Amino acid sequence: MRSRTLNALSIPVAAALALALNFMVLANDGRTRLESRLTATSAEPLASGKAKFEMREDRVRFSTEVEDVAVAQQIEVVVAGMSLGTVAIDALGGADLNLDSRDGDTVPVLQDGDLVEVFDTNGNILILSGTLGPD
């Protein structure tokens with residue numbers, strides 16, 4: 001009777017182990033993905049945004065999206081002390097900076113813990129900030 005119990009238990013345990021190993025292979029597929037919600041400062045308290053970084057064998061991408069920016073007309077995105085570009089704010093207070101190495105853009109290799117900052121280019125005032133981490 002005891003051997004039947006062990007056999008009956010070993011099938012679900014083996015299935016769970018196989019699923020866990022499969023997940024580990026998928027999670028370790030050679031990609032790096034980092035993301036950050038951007039927190040508003042007192043200069044633009046209603047502003048919000050997010051930043052995403054992805055590195056794969058065939059490309060490196062970085063994007064920043066901001067919303068509800070009321071005062072700035074143009075923003076500069078700085079990551080780990082490097083300026084990645086400037087972009088104009090649209091009539092609704094939003095802007096997107098999208099960089100992709102497959103489009104010929106220079107995208108630095110970013111790391112977990114890198115600081116993302118969004119500045120108003122007029123007064124060099126910090127509007128949003130956040131820290132990249134695993135998504």
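Trainee: In what order do the elements of the chain run from the N terminus on?
Mentor: The order is α-β-β-β-β-β-β-β-β-β. Counted up, that gives 1 helix and 9 strands. Keep in mind that this is a predicted model.

Trainee: And what share of the residues counts as buried?
Mentor: The chain has 135 residues, and 33% of them count as buried.

Trainee: Okay, salt bridges next. How many does the structure hold?
Mentor: There are 6 salt bridges in the structure. As background, side chains of opposite charge can pair when their charged atoms come close.

Trainee: Which residue does Glu 54 form a salt bridge with?
Mentor: Its partner is Arg 33, and the closest N and O atoms of the two are 3.6 Å apart. Glu 54 belongs to strand β2 (residues 48-55) and Arg 33 to strand β1 (residues 32-40), so the pair ties together parts that are 21 residues apart in sequence.

Trainee: Is Glu 54 buried or exposed?
Mentor: Glu 54 counts as buried, because its relative accessibility is 8% and the cut-off for buried is under 20%. Arg 33 has 39% relative accessibility, so Arg 33 counts as partly exposed.

Trainee: What about Asp 58, which residue does it form a salt bridge with?
Mentor: Arg 56 is one of its partners, with the closest N and O atoms 3.0 Å apart. Asp 58 also forms a salt bridge with Arg 102, where the closest N and O atoms are 3.3 Å apart. Arg 102 sits in the loop between β6 (95-100) and β7 (115-120), while Asp 58 sits in the loop between β2 and β3, so this pair ties together parts that are 44 residues apart in sequence.

Trainee: And how accessible are Asp 58 and Arg 56?
Mentor: Asp 58 counts as partly exposed because its relative accessibility is 42%. Arg 56, at 22%, counts as partly exposed too.

Trainee: Changing topic: which residues form the negative surface patch?
Mentor: That patch is made by Glu 67, Asp 68, Asp 90 and Asp 96. Glu 67 is in strand β3 (residues 60-67), and with 38% relative accessibility Glu 67 counts as partly exposed.

Trainee: Now the strands. How many bridges join β4 to β5?
Mentor: Strand β4 (residues 74-79) and strand β5 (residues 82-88) run antiparallel and are joined by 6 bridges. Across the pair, Ile 75 stands opposite Val 87 in β5.

Trainee: And what is in the turn of that hairpin?
Mentor: The hairpin formed by β4 and β5 has 2 residues between the strands, and Ala 80 in the turn has a positive phi of about 50°.

Trainee: Last one: where does Gly 133 lie?
Mentor: Gly 133 is in strand β9 (residues 133-134). With a relative accessible area of 12%, Gly 133 is buried. From C-alpha to C-alpha, Gly 133 and Leu 115 are 9.8 Å apart in space, and they are 18 residues apart in sequence.

Trainee: Great, thanks for going through it!

Conventions
Residues numbered from 1 in each chain as written. Predicted model: local features only at pLDDT ≥ 70, side-chain atom pairs only at ≥ 80, totals over all residues. Heavy atoms only, no water. Patch = residues over 30% accessible without salt bridge, like charges linked within 9 Å, V, L, I, M, F, W, Y side chains within 5 Å. Areas by Shrake-Rupley, 256 points an atom, 1.4 Å probe, with all protein chains shown as cover. Salt bridge = Lys/Arg side-chain N within 4 Å of Asp/Glu carboxyl O. Lys, Arg positive; Asp, Glu negative; His and termini not counted. Charge placed at Lys NZ, Arg CZ, Asp CG, Glu CD. Helix = DSSP H or I, 4+ residues; strand = E, 2+ residues; numbered from the N terminus. Buried < 20%, exposed > 50% of the residue type's maximum accessible area, 1.4 Å probe, protein only. Pairing = 2+ DSSP bridges.
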